Amino acid sequence: MNGWYPIFLREMLLFKRKLFKLGYLFSAMVVPVIYLITFGLGVGRSMPIEGTDYITFLIPGLVAMSSMTNSYTWVASALNLNRLYFKTFQVLVQAPINPFAIMIGEVLAGMTKGLFASILIITVGLLVAPQFHLSWLPALTLILNCFLFACLGVIVGMITKSHEDTSTYNNFLIMPMSFFSGTFFPVSRMPEFLQKLIAIFPLTHTNILIRKSAMDSQGLLALAVLIAYAIVFFFFGSRLIRKYSE
Amino acid sequence: MISVTDLTRKFGAKAALSGVSFSVGAKEIYAYLGPNGAGKTTTIRILTSLTRRDGGMVRLNSFDIEKNPLEAKSQFGLVPQQTNLDSDLSVEENLLIHGLLHHMDRKTIRRKIEELLDYMELSDRRQSLIKTLSGGLKRRLLISRALLHSPRILFMDEPTVGLDPAIRRSIWGFIKKIRNDGATIFLTTHYIEEAEFLADHVAFLDAGKIVAEDSPANLVSGIGQWAVDYLDDNRLQTAFFNSREKAGSYVLNRANGCTVRRVNLEDAFIAMTGRKIS
Amino acid sequence: MISASGLIKRYGPADNRCTVVDGVSFHLAPGTVFGLLGPNGAGKSTIIRMLTTLSRPDAGQCLIDGIDVAAQPMEIKKRIGVVPQENNLDRELSARENLMIYGMLHRVVHLPERISAALEVVSLWEKRDTVVSHFSGGMQRRLLIARALLTEPTVLFLDEPTIGLDPQIRRQLWDVIRKSRRAGRTVMLTTHYIEEAEALCDMIGIVVAGRMIALDSPENLRKIIGEYVIDFPDEYGNQIQIICRTREEAHEKARALPNGVTIRRSNLEDVFINLTGEKIE
Amino acid sequence: MTRGWTAVYLREILILKRRLAKLLPTWSVSPLLYLIAFGYAVGRHVEVGSHSYLEFLLPGLTAMASMTQAYAVASEINIARFYWHIFDEFQTAPISNLAYVMGEVLAGMTRAFLASLVILVLGACFGVVLFYGPMFWIALLLNSFVFASLAVGCAMHVKSHADQTLLTNFIITPMAFLGGTFFPLSHLPDWGQMLLGLLPLTHASHAVRAAAFQEPVQSIDFLVLIGAGGLCFLFAILSVNRAKA
């Protein structure tokens, strides 16, 4: 299993080059900050939710959302491009290492990118919303969320047949999840029948857990769902890598 | 007719072309031969108004590409190195757009498309989308497109790169056919045998300069008639001789692994660019 | 040592399957340079992909150094070096970083020294910290070869190693391949440059539409089609070849033709065109 | 001077026609999400002036779609330029810069028009039908003209497709959200309103919304759009020569 390190290192070397281009820092920041201004200051200015002001409600949701998109998108599109365009995935497959090692290396790299982007949003949050604070439960949720969506990224990266496919998954899976899973407003505001559907999304449970300050029964259920998703995604992703054939 | 005087181009501090001059007469096939990075593509891109030049003059059928850009552009057709067809459009649609860009009326375009697809043996593919065509077919379509507006000059950038021998030969056949029908052809290549087989005149380009220019036969006879290949220190070396007898006696003095053969354009190229294999 | 028996590979959906490799078998002794020739799309790259664990054959077996590729892929991966047709280096990493990641993946010992040595061999030491996307095509190809040789594999696979390169660099790469053979390596390459196969290979396989239609030494292949060739141009300027068994036969036939006729020994290109047919798709 | 623009336009339209089946769903996804999430869930209890939030949102989304789709020609041009090398075909053709820019800008406007229609249909599904008179369409067309011209100009300056994405992230995405589409500018502090007043989209969504509500349209909005459109078009024409290597 110790072949994961070079895979992780490779992704980090690539990430380092992107990071210094500065464009990355902005693109990881621009969208969440725009959402923060538009919805936090513009639309929901005078709209209290669940006993706090809207912006304090919004920030944990934005953190969950950007940890999801960043851990997921990078892994999915990098694997897709490496497999289909740059062919660098061949190099990993032809190396004498266990397929699990590839999975672990890619997932850890995805998590790092997700956590990095989350920390940027948390910093912004601490600046603009004085009531917003951090504790151990949201931190744990965040890590679990990054792991889960990095695994999902591997799955999508392995099954897509072209780069356009990736954006289809993005449009029909990630985008609706970002909007409906309790990022911008509590799920209870959606119509009844949709609420059941929304309860299937993993991000819904992240949003429940990340807003809790202490564990309760609802929190435990959410945690159990997230762990179940994480395990399933991890093993399914590993299987796809093991079965890889051109 | 193409006339080029003292063409220069720099990319940053590096000179891609330094003072290239040549002229190509009507109905001639002129091959521009050189290693990757010698400036072949830069030259053809300047001649076809795709790239700026830093100095020098280019005239296509007496139109200066700077003073009369639109007229100069009407004189030529270009077959680019990389396929630049619209992959979502059909063969016919690609040609139609090209015709309209060259101000032809739709009736003439339709007639020319028919004629050219027939000429290039593509008639049965006129409705196919480009993404369904193979590399060889795309190359033939690129040639058809370049000929659509009946240009008198045809530029071809590496017309057979990446194609297998059988397809390459068929493209060569088409090139000769086009010349016989009255066009001037300027092509770049790094396949020596392509230049040897096709060209009336060959220019050797090395590091942005033309180092030799002549007919293939003259270039070859300049260095000798016979060549001996031998392995020296595990490197392939070649010696040249004016008669077979001299070559033969040279072989007798060497140990194993010698081949005697006729001198070809590749020998001339290596001899003149002076580039040893390091 | 490489041996393949009855390799079959199909692609596409169940109702429209297309057989890309159709029962290919061969056996190579250690230290052989084997050239796989064939038109574009004949299945050459697919054969290489199956031998290098990238692609699973639908039927048949490959052995490398006596080890079954499908059963023990990990053992195979330790023994082979692969130079793919398309550059699969990380374009945004430097030459040294590319080799470093590869070396770590393959657990190469004394990695820094080995990387320096490999970069020296392909004359890229000066460029070690340059990002690969700034490399020319020839430099990228050299780096791919350095990478494949970094683990000192017993078997080297090269898929179209010199496509699109100019004559000087091509010959430089030939030298590297010859050195590999002298080091006792088995080398398998695909190419559609006939002169490359002629210059390098001890054994030639010609693949057409997924089948191996000829497999022998270049010398024997020439004997099979005929050792003499008459070249002459037809009225369109196309070069036409007639292949003859003996010199006498060639002279006999040449006499009946217009001028501009050359008689020469046959070469691999004649073999190729003769066996694959001068078909245009 | 404009000879040949039809060829440029026709090419884009043929491609658009072939891709329309794929494009329509992508055009509808994000507006649909906004309509559900903000129009339905968040905005149910919110009123802006005398209109419901959904009614407020729809003209804004239409202006936003017309902007993003007009600007999308930039990435089409860049893919054609950097990946398929089709731009060479235009540069070797005997056509003027004006003809090329005209063809591309009109193609962008056509695309923007279709995308706006999609939003109006979606709005109708949510039961929101406003007044779509001539003023409404004129404002939308001017808006798409501004951004299609800007797109052609920008496309000539960028060095790679990645740069283009960066530019979109920095200019178009913030403008899409902040240019009066989701909330009235009066919700922001004075300096914020001043700043956003500089964006052409702010004026477009203002004019489009006024027309849709059958309120008088302010001439300053039209003047700004016409001025910006003229400048961008000129910028595009002057930029075409720069695309030469």
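What percentage of the 281 residues of chain C count as buried? The figure is 54%, where buried means under 20% relative accessible area, exposed means over 50%, and partly exposed lies in between (1.4 Å probe, protein chains only).

Some ground rules first. This is a predicted model, in which local features need pLDDT of at least 70 and side-chain atom pairs count only at pLDDT 80 or more, while totals for chains, interfaces and linings use all residues. Residues are numbered from 1 along each chain as its sequence is written, chains are lettered from A and ligands numbered from 1 in the order in which they are written, and side-chain values use heavy atoms, with hydrogens and water left out.

**Stop 1: chain C as a whole**

Select chain C. Its C-alpha trace spans about 70 × 45 × 35 Å along the principal axes. Colour it by secondary structure: there are 10 helices and 13 strands. Helices (H or I, at least four residues) and strands (E, at least two) are DSSP runs, numbered from the N terminus. Now think about contacts, meaning heavy atoms within 4.5 Å. Among contacts in chain C with a separation of 6 or more, 65% come from residues 24 or more positions apart.

**Stop 2: a covered strand**

Select residues 80–83 of chain C, strand β6. Both of its faces are covered. C:I80 and C:V82 are buried on one side, C:G81 and C:V83 on the other. In a regular strand the side chains alternate between the two faces of the sheet. Two strands pair if DSSP finds at least two bridges between them. Look for C:V155 in β7(C), which stands opposite C:I80.

**Stop 3: where chain C meets chain A**

Show all the chains. Four pairs of chains touch, and the most contacts are between chains A and C. Chains A and B have no contact, and their closest C-alpha atoms lie 15 Å apart. Chains C and D do not touch either; there the nearest C-alpha atoms are 14 Å apart.

Keep A and C on screen. Here 32 residues of chain C are in contact with 28 residues of chain A. The buried area is about 2700 Å², with 57% given by carbon and sulfur atoms. Buried area is the accessible area (1.4 Å probe) that two parts lose on being put together, summed over both. On the chain C side, C:L54, C:E92 and C:L105 lose the most area to chain A, together 25% of what that side buries.

How many salt bridges does the rule find across the interface of chain C and chain A? There are three, a salt bridge being a side-chain nitrogen of Lys or Arg within 4 Å of a carboxyl oxygen of Asp or Glu. Select A:R10 and C:D90 to see a salt bridge at 2.5 Å, N to O. The elements that give two or more residues to the chain C side are β1 (2–11), α2 (73–79) and α3 (95–105) of chain C. The largest share, six residues, comes from α3(C).

**Stop 4: helix α3 of chain C**

Zoom in on α3(C). Eight of its 11 residues are buried, including C:L99, C:I101, C:Y102 and C:L105. What covers these buried residues? The cover includes α1 (4–19) and α4 (89–93) of chain A, together with α4 (111–121) and α5 (137–149) of chain C. After the helix comes C:R107, whose phi is positive, near 50 degrees.

**Stop 5: a sheet in chain B**

Switch to chain B. Find the open sheet of four strands in the order β2-β1-β4-β5, with antiparallel pairing. β2 (14–24) and β5 (63–64) stand at the edges with a single partner strand each, so one side of each is left without a neighbour in the sheet. Strand β1 (residues 2–11) of chain B pairs with β2(B) over eight bridges. B:L7 stands opposite B:V20 in β2(B).

Next, select residues 265–273 of chain B, helix α10, where seven of nine residues are buried. Among them are B:L265, B:F269 and B:I270.

**Stop 6: one residue in chain D**

Finish on D:N78, in helix α3 (residues 73–83) of chain D. Is D:N78 buried or exposed? D:N78 is buried, with a relative accessible area of 0%. Leaving aside neighbours within four places in sequence, D:N78 is in contact with D:Y83, D:A155, D:V158, D:H161 and D:Q164.
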